[in-house]
Amino acid sequence: MGRSLEDLAIFVGRRLLQLVPVLLGVIVLTFLVTHVGAIDPCPRWYPKAGAGTIAHCEAQFKQPIVTQFLQYFVPLLHGSWGADEFGNPVYPQIVAHVPATIELVLASLLIMIVIGIPMGVVAAQYSGRWPDHLVRFFYLSGWATPTYVGAIVAAIYVARFVGLPAGGEFSAPPPFPQYTHMSVVDALLAGNLSYTVDAISHLVLPASVLAFINMGIATRMTRTSMLEVLPLDYVKSARMKGLSNTVVLYKHALRNALITTTTVLGVTAGGLLAGTVVIEEVFDWPGIGQYAFSAMGAGGVPNFDGAIAVVVVFALGVVIANLAADVLYGVLDPRVEWR
Amino acid sequence: MATGAPRPPNRARGYSAAVGFYRIMRSNPLSFAGFVLVVAILVLAAASTLDPRLVAPYGASQQTGVYSEPPTILRGSPSLQHPFGTDGGSLDIYSEVMLGLPLDVGIGVLIAGLAMILGGLLGLVAGFWDRPGTVGGYASTVILRTTDVFLAFPSLILGLAIVAALGPGVWQVILAVTATWWPYYVRLVRGEVLAIRHLPYVVAARAAGVSEGRILVRHILRNVLEPLIVYFTLDIGTVLVTFSTISYVIPQGIPYPPTFGRPEWGSMMSYYYGNTLFSQAWWSIIFPAVAIFVTALSFSLLGEGLRDVLDPRMRRALTESTVGHTPPAETPSSPVPGPLSEAG
Amino acid sequence: MTDPVLSIEHLSVDYLVAAGRFRAVSDVSLTIPPGRVVGIVGETGCGKSTLAQAIPRLIPEPPAKIESGRILFQGTDLVPIPHHKLPMVRGTGIGMIFQEPLNSLNPAFRVFDQVAEAIQIRHWREQGILPTFRPGPTPFDYSRRPMPTASDVLAKPLVPGGAVAEAAQRRLRTRADFRREVLEYLRLVRINDPETILDLYPHELSGGMRQRIMIAMALSAKPALLIADEPTSALDVTIQAQVLTLMKELIDEVHSSILFISHDLGVIAETADDLGVMYAGRLVEFGPVADVFHAPRHPYTKALLRSIPSRYKTDGPLASIPGSVPSLARPPPGCRFHPRCPLVRPVCRADPAPELLPAPGGAPPGATPHTSACHFAEEVSNLP
């Protein structure tokens, strides 16, 4: 009842509509922070510029706020997101950088799901005993590690120890055209096996570090939900059918525990996206994070328009992840009605 | 049928909470370690603030001007006299780390505390006075929408944007991280308040004519305080990590050598990472990192232990005396979502 | 077959929690012959649920611990069996139905999937694909109405016989076969038009319906022993009556033994053949249900029966038992009931209560002996 495919479309559609005010809020808040709240922005954003550019910048900031907002908002909608100090437009740069980050984030998610969720199940199963303590220590350590520390340690020490490369997407420039800008996907599409393996080996370390740091979110939520689910009667019913412990845990209990785990997908996405800023910088991964890192002025040349655009794009990513979490929750929990 | 001996009187609740706390700390090696470490950190921080020479033998921070003795080895990898090495100049890394301890811990506590107070108050308003059609309801909607927008930004990104807008400096970064953290507390407190508001005994109190203020203080605040403390403790560590990451990304974020009186660990790391070859002086980068890690981990361990203390199921199992206890299999198994269930 | 299906010998189950050690079940011994319904009655907290869930080793072993005793299921002691082998006993050996129908069906799966899963496991065990506790056909001939099985239907028109027929029998059944069998079991539990509920989720059904489905799930495994842990306690009275009627009719049709746990004396009186009374973790009386009701031999049973409100007695206060249930961590010395017992003597405080003692003169041959754990069982009949 209320769970047919048309109902699902309405469900997703309604959630999409709820996106819009949040997106507007994001755009407004970004504007407020960067334009209204900015203290003495011009010399800092254009440190190497001449007096003419600075004067032009100051003139822009002296305009009434509404005008500034319109100057900011309208081009945003059109897709002309400004340019960096050398005049290169921001929008195509961002579009070129996004797929690599998507690839990195998806790989990290995969690692978090494959390793983190079973760890949470084991921790709940042996709650209070040493496997539980070990799992908790593991994910608490991940949380306590600053991203750059983990990235640097991994890039310098672990890479040498394990023999994995620690920089860039490929060892050598790929001989095939890159349609999707996702290294593994492009290599697969080109049918080039050695480059696919190379791409995967380059992806492993950054994705692992990102996953390690954020593993706690998924593991802790899984552990908590499993602890709530395991004493319930239907788990005992499943055992009394004669099912093995593994089937009881992973088919019956986890299926219900995962429902609440999806609710933290939004937070997970936020953490993963934030982590890409440093990870991509350390591992020389050509994604949005690296772009953001340089736009914020770390490389010495900040990029005002680029920074704004990047902030909005990151927020967009989190909002989309929350939407996905909401839809996933509605799909997994049969008690939720879609209409 | 009679059910057993009477419950312990209310004033014994504090005692049984303390007993429970001790039992949890003892039973769970992780939280015990966290507790011990946090106490040690706080003691060291106090010592470092009051008399730096106690913990920082070569304290050479220019502002504190604490030169007990100049370092004996100028270019130094870790050794007996300089356990964390020196930076090749006049600074002993160990002393720098120890001098920075109260600063970083203080920053973590400050940010988490500010976020807790601000977010908690807003969450209280959004939860307690959220009735449709009233001023409170309208204010709640505004608060919630704003919170949603803030939550759409990953913490680091918003922090970077704010620092980019406000310019470098410790207070700017503190403000930035606080501004990204308060929304989580709004969600947490609002969720708790809503859940407690609808509990039968609160509804009964209201029906009996108890004034709103009394309900607020006696029932709601007391119950909200527990998860709040847990999250506060957990957050101290995470806030510290975020703070140091921001100061790493924005290289002029917090200058090092310090102008704030004491070295901040993240700024130490970013300074040395930019200015020394990693292979030549890895200790100047690794040890502040270890300090951040250990501090954050200790508070997180303590927080997880506190969370176990406050989980009603575990609390009952560990603190209830042997009077009239019903074994677990007999209690009805329908799950009631408690106010202490996992928030966002 | 005269070997008992289940024989519990001096079973003690402890809970070890940080606050202390609770002995939830204390030296309980009872026997369940094949085909009998044995009821266990007692107040909340007397250990009956612990006993019920300890038999198939369902209670998580870290807080719980079987301190001593044997649980002999069809002659094999279940206590020393390691955990990973226990699933073999459950399902086709021992089945269980629970109290809260809302929680005993998995909310994420449809009715069809849940019942079909139980049938699938039984089918795999019959075919030898899965290891089972007792190899060979199911221990009991389930029903007087033989059910059509897929292999019967398949083998007849298509296959001549011999090795090919055996191969056809081993073929995994299709979804349609499962559907047929699920529907048969749902009809068995008196669900009309079971086709309509196959695709529904548990939260879309009423409590009585869910309870029937749980019974169907348990019975579809054709267990030798069915443990019913307060199956009607969470239902309202009219549904309770329906489910009880169903269970009584099933008992006639099904040859499983049933261990029926309840706190409701009326429910037990209707369904059980033998009755055991538990108090504070001990079995204090055991015997044929009519004997226990009409001539109880333990002061607690007598007091319990007396406290049932009668619609004929409309004046005077309700009778109750003075005092309260003792803590299981620090039970009273000697007989656990002695602080509240009208027949208390010094020996009751000093010596532990005796093992269940039969009445002098023995029981009629073939009947269950009526035993009581009281030194002064004969005087109980003199109590008001």
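1. At what angle do helix α9 and helix α11 of chain A pack, and how far apart are their axes? In this predicted model, α9 (residues 193–229) and α11 (residues 245–261) of chain A pack at an angle of about 130°, and their axes lie 8 Å apart. Because angles over 145 degrees would be needed for roughly antiparallel and 65 to 115 for roughly perpendicular, α9(A) and α11(A) are oblique to each other.

2. The crossing in which α9(A) passes α11(A) is right-handed. On the α9(A) side the contact is formed by A:A218, A:M221, A:T222, A:S225, A:M226 and A:V229, and on the α11(A) side by A:A253, A:L254, A:N256, A:A257, A:T260 and A:T261.

3. Chain B contains 11 helices and 0 strands. Of the 344 residues in chain B, 51% are buried, and among its contacts between residues at least 6 apart in sequence, 66% join residues at least 24 apart.

4. The contact between the two chains draws 40 residues from chain B and 49 residues from chain A. On the chain B side, at least two residues each are supplied by α2 (29–50), α4 (135–151), α5 (155–166), α8 (212–249) and α10 (282–310), and the largest share, 9 residues, comes from α5(B). The side of chain B that touches chain A divides into 27 nonpolar, 9 polar and 4 charged residues.

Note on methods. Residues are numbered from 1 along each chain as its sequence is written. Chains are lettered from A and ligands numbered from 1 in the order in which they are written. This is a predicted model: local features need pLDDT of at least 70, side-chain atom pairs count only at pLDDT 80 or more; totals for chains, interfaces and linings use all residues. Axes are lines fitted to C-alpha atoms, for helices over the stretch in contact, and angles run from 0 to 180 degrees between N-to-C directions. Helices (H or I, at least four residues) and strands (E, at least two) are DSSP runs, numbered from the N terminus. Angles under 35 degrees count as roughly parallel, over 145 as roughly antiparallel, 65 to 115 as roughly perpendicular and the rest as oblique. A crossing is left-handed if the near helix is turned anticlockwise from the far one by less than a right angle, and right-handed if clockwise. Two residues are in contact if their C-beta atoms, placed from the backbone, lie within 7 Å. A residue is buried if 20 or more other C-beta atoms lie within 10 Å of its own, exposed if 12 or fewer, and partly exposed in between; C-beta atoms are placed from the backbone. Ala, Val, Leu, Ile, Met, Phe, Trp, Tyr, Cys and Pro count as nonpolar, Asp, Glu, Lys and Arg as charged, and the others, Gly among them, as polar.
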